[in-house]
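Try each task before you read its solution.

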Amino acid sequence: MLVALVAVSNDSLWIDELGTAVISMPSTLHGWWQAIYTVHNSNLQLPLYMLYIWAWVRMAGISALALRDANIPWFLLGLWAIYHFLKRHPRLRFFTVLLYCVHPFVWYYLSEVRPYTMQLGGELLAYGAFFQALDEPEKPLTASWWWLFLAGIFLLCAVGLLGVPWAAAVCLCMLMRRDFLSSAFRSGLPAVLVVAPALLALAVYYAWTLQTDARPTISNMRLTSILFVFYEQLGFVGLGPGRLEIRSSGVRVFLPFIPALCGLGLPLAYAIACGAAEGFGIPKSKRIAIFLAVLIPCAAIFALGYLKHFLVLGRHLMPMFPFLLLAVAFALHRLWDGGRLINRVVVVLVFAGLTASAMECRFAYRHRRDDYCDAAAIVKSALAHGERVWWAGDFGATVYYHLPLSYTLQGGN
């Protein structure tokens, strides 16, 4: 809980967050639907999150801090999932929990009014159950396992359309357990009867959104975009330049940050190489299932990005993160428990680098999002002095920060 309270900021909302905030402002469900349908962009394909954030605002208010606090329950759900599903491996559980709590990728999206932390909580629930089922093949799949697994699958699908390929892949890989289908009609039947109709309704809804051409902003995929996915998810983001600098100046802005990036990159690369040498603790018979659970949806989403001119970033592949998290946690756990001093130094350096990266994400000025709050304050001050203002920013900011846009329109601006 302390991690969540430190990670969540009260900084200005940026463009994507403003879109979420404006949709959550109407006081009725009818008004909420009108808002989301009128905008008619990819927010239509985030049904559960958009409904959740609307309900949260009714309880907690619509300040930037209140909106971001909506992520905390899902962060805690992910923490519980790690603790619950790794109980047979207490040392691995300890390192995974610690890594989860200091990881800058987790911190960054914990403080953003978007669906990614909610999705992460669902992923850890579904993948935790998946890991447990493969780890204990002799143990029957109980009714409680089915409820947790299908709850995670539902969250993965309902939070956003991009979660569907991941849910489908993990269900497909569960067929490696011979008793998976038969168990679904025995101990899993109550959960299946509840969740299956909900998933069918979601499928119909998503088909409708695709038919109505709801889509994200058009932007071309590039090789650097693919590399940035791993840059984010491996934890480098806080140690490098800010996102605005990267967008405006490209690769050359990384040059002054190379020493800091190497300070994390070298020990992390060593740890991952050591973990890979042991197959990350995955038995050979299970590696194909894990590989397919990651490869199939990744390939599908990157293909979608290329064909539909959709820029895929780390957040769009959030369901890949739990696999990286567990792989790095395994590597660090093995290095530390091996007892060699040099390996323990590597572990300390990795955790120190990730913590520094998380702190930089949270507090460094270069990582602050677009400051619409101060811009709105300047506009209000100028209008109060009778000045004419041209607003060249996001329209949602004028709604959320209560700028008198109708006044400026009447003035010819």
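**Exercise 1.** Which residues make the nonpolar surface patch of about 730 Å²?

Solution. Keep in mind that this is a predicted model.
- Step one: list the members, which are Leu172, Leu175, Leu181, Ile288, Phe291, Leu292, Leu295 and Ile296.
- Step two: look for the main contributor. Helix 17 (residues 284–307) brings the largest share, five residues.
- You'll find Leu175 in the loop between helix 11 (164–173) and helix 12 (180–184).
- Step four: check how open Leu175 is. Its relative accessibility is 43%, so Leu175 counts as partly exposed.

**Exercise 2.** Find where Arg88 and Asp135 sit in the chain, and work out whether Arg88 is buried or exposed, or in between.

Solution. 
- Step one: spot the contact. Arg88 and Asp135 form a salt bridge, with their closest N and O atoms 3.6 Å apart.
- Step two: locate both ends. Arg88 lies in the loop between helix 6 (72–85) and helix 7 (90–102), while Asp135 belongs to helix 9 (residues 116–135); this pair links distant parts of the chain, 47 residues apart.
- Arg88 has a relative accessible area of 46%, so Arg88 is partly exposed. Asp135, at 26%, is partly exposed too.

**Exercise 3.** Name the buried residues of helix 2 (residues 15–24) and some of what covers them.

Solution. 
- Step one: pick out the buried ones: Glu17, Leu18, Thr20, Ala21, Ile23 and Ser24.
- Step two: look at the cover, which includes helix 3 (29–39), helix 4 (47–60) and helix 20 (372–384).

Methods. Residues numbered from 1 in each chain as written. Predicted model: local features only at pLDDT ≥ 70, side-chain atom pairs only at ≥ 80, totals over all residues. Heavy atoms only, no water. Patch = residues over 30% accessible without salt bridge, like charges linked within 9 Å, V, L, I, M, F, W, Y side chains within 5 Å. Areas by Shrake-Rupley, 256 points an atom, 1.4 Å probe, with all protein chains shown as cover. Salt bridge = Lys/Arg side-chain N within 4 Å of Asp/Glu carboxyl O. Helix = DSSP H or I, 4+ residues; strand = E, 2+ residues; numbered from the N terminus. Buried < 20%, exposed > 50% of the residue type's maximum accessible area, 1.4 Å probe, protein only. Contact = heavy atoms within 4.5 Å.
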